[in-house]
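Thanks for asking me to look this over with you. Keep the view open beside these notes and take the points one at a time.

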Amino acid sequence: MIDPRITRLADVLVSHSTRLTPGEHVLIETFDAPDAVAIELVKAAHRVGAHPHVAVRRNRIARALLEAGADAQFETWSAYDKGRMERMDAYIAIRGSDNVSELAGIDAERMQSYGKLYQKPVHLEQRVKNTKWCVLRWPSPSMAQLAQMNTAAFEDFYFNVCTLDYQRMADAVQPLKSRMERTDEVRIAGPGETDITFSIKDIPVVPCTGSHNIPDGECFTSPVRDSVNGVMHYNTPTIYRGITFENIKLTFRNGQIVDATADQNGELLKDIFDTDDGARYVGEFAIGFNPF
């Protein structure tokens, strides 16, 4: 028997997030997620007259492909996936993880090549710019462990926040959007050493209410590029490409990260920022606020 919460989530993704219409093609891509998720998404797409297509992926297989992958492999892989994406009107990704650190230890150069030769043309250039898309995680024991919750409690939490009334949220966020559009200077002070200021004057404000990410609830903008000054100190672990960074502290001066530290992998953290076209600017650093 299918968990009714999965059916409900599929309806939200098809009817609200991507707003599929008859005749549209949608690519459903799952990573370490149960078959039932893809099946319910296929059924939901069929109910509205859309044409679903499915790609089932596993992170252990992805690791095998990436850790010794040559540029020529990434280029061919990119070409055929980009060709498929060009024929899609919408994209839904369910990104689970049996092991959140599955990609840890892969050579940084291979990951950078994969990002440049595959992720950028397929996703950043084609999918993001030309399809209706929504990306979300899938609750796993690995995620529950990170949240320091038992698996059942974490699943309840996940489905409750992923199946909210997002239209109600869209209505509720409008006063906040208006206030942010009138705002010039912002200051954020928090636990630890976090104390950062920046301007958001004349920068567009975008409410996020379940259209591109689930769960959702932020209303975001970005700083004026050179206006960011101060310290941002993370109070939770952050995982990037399978590597865990804890106690991250970023120091900004006139929009540039001038220092980046972490309790472990500190030099790797600096290398990550240095790969952004050789600069440490944060022009696309998003500031989000939850309207609820």
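1. In α1, the residues Ile-6, Thr-7, Ala-10, Asp-11, Leu-13 and Val-14 meet Ala-36, Val-37, Glu-40, Leu-41, Ala-44, Ala-45 and Arg-47 of α2, where contact means heavy atoms within 4.5 Å. Sorted by class, this contact of α1 with α2 holds nine nonpolar, one polar and three charged residues. Here Ala, Val, Leu, Ile, Met, Phe, Trp, Tyr, Cys and Pro count as nonpolar, Asp, Glu, Lys and Arg as charged, and the others, Gly among them, as polar.

2. Before going on, please note that this is a predicted model, in which local features need pLDDT of at least 70 and side-chain atom pairs count only at pLDDT 80 or more, while totals for chains, interfaces and linings use all residues. Residues are numbered from 1 along each chain as its sequence is written, and side-chain values use heavy atoms, with hydrogens and water left out. Helices (H or I, at least four residues) and strands (E, at least two) are DSSP runs, numbered from the N terminus.

3. How do α1 and α2 pack? Helix α1 (residues 4-17) and helix α2 (residues 35-47) meet at an angle of about 50°, and their axes are 9 Å apart. Axes are lines fitted to C-alpha atoms, for helices over the stretch in contact, and angles run from 0 to 180 degrees between N-to-C directions. The two helices are therefore oblique to each other; angles under 35 degrees count as roughly parallel, over 145 as roughly antiparallel, 65 to 115 as roughly perpendicular and the rest as oblique.

4. Helix α4 (residues 71-86) packs against α5 at an angle of about 15°, with the axes 9 Å apart. That makes α4 roughly parallel to α5. The residues in their contact divide into eight nonpolar, four polar and seven charged.

5. Is Ser-113 buried or exposed? This residue lies in helix α5 (residues 108-130), and Ser-113 is buried, with a relative accessible area of 12%. Buried means under 20% relative accessible area, exposed over 50%, and partly exposed in between (1.4 Å probe, protein chains only). Leaving aside residues up to four places away in sequence, Ser-113 touches Asp-71, Phe-74 and Tyr-118.

6. Compare that with Lys-120, which also has its place in helix α5. Lys-120 counts as partly exposed, at 43% relative accessibility. Its contacts, not counting residues up to four places away in sequence, are Gly-115 and Glu-125.

7. Next, the sheet. Five strands form an open sheet in the order β5-β6-β10-β13-β14, with antiparallel pairing; two strands pair if DSSP finds at least two bridges between them. Strands β5 (185-189) and β14 (256-261) stand at the edges with a single partner strand each, so one side of each has no neighbour in the sheet. On average, neighbouring strands of this sheet are turned by 25° against each other, direction ignored.

8. Four bridges join β10 (residues 229-233) to β13 (residues 249-253), with His-233 opposite Lys-249. On the β14 side, five bridges make an antiparallel pair with β13, and there the bridge partner of Lys-249 is Thr-261. The covered face of β13 has Leu-250 and Phe-252, while the uncovered one has Lys-249, Thr-251 and Arg-253. Helix α10 (residues 266-274) lies across β13 and β14, running at about 160° to β14.

9. Finally, look at some backbone details. The hairpin of β13 and β14 has two residues between the strands, and Asn-254 in the turn has a positive phi of about 50°. Asp-32, in the loop between β1 (25-31) and α2, has phi near 50°, a positive value in a residue other than glycine; Asp-32 is buried, at 9% relative accessible area. Which residues does a cis peptide bond join? They are Ile-214 and Pro-215, with omega about -5°, and Pro-215 sits in the loop between β8 (213-214) and β9 (219-220).
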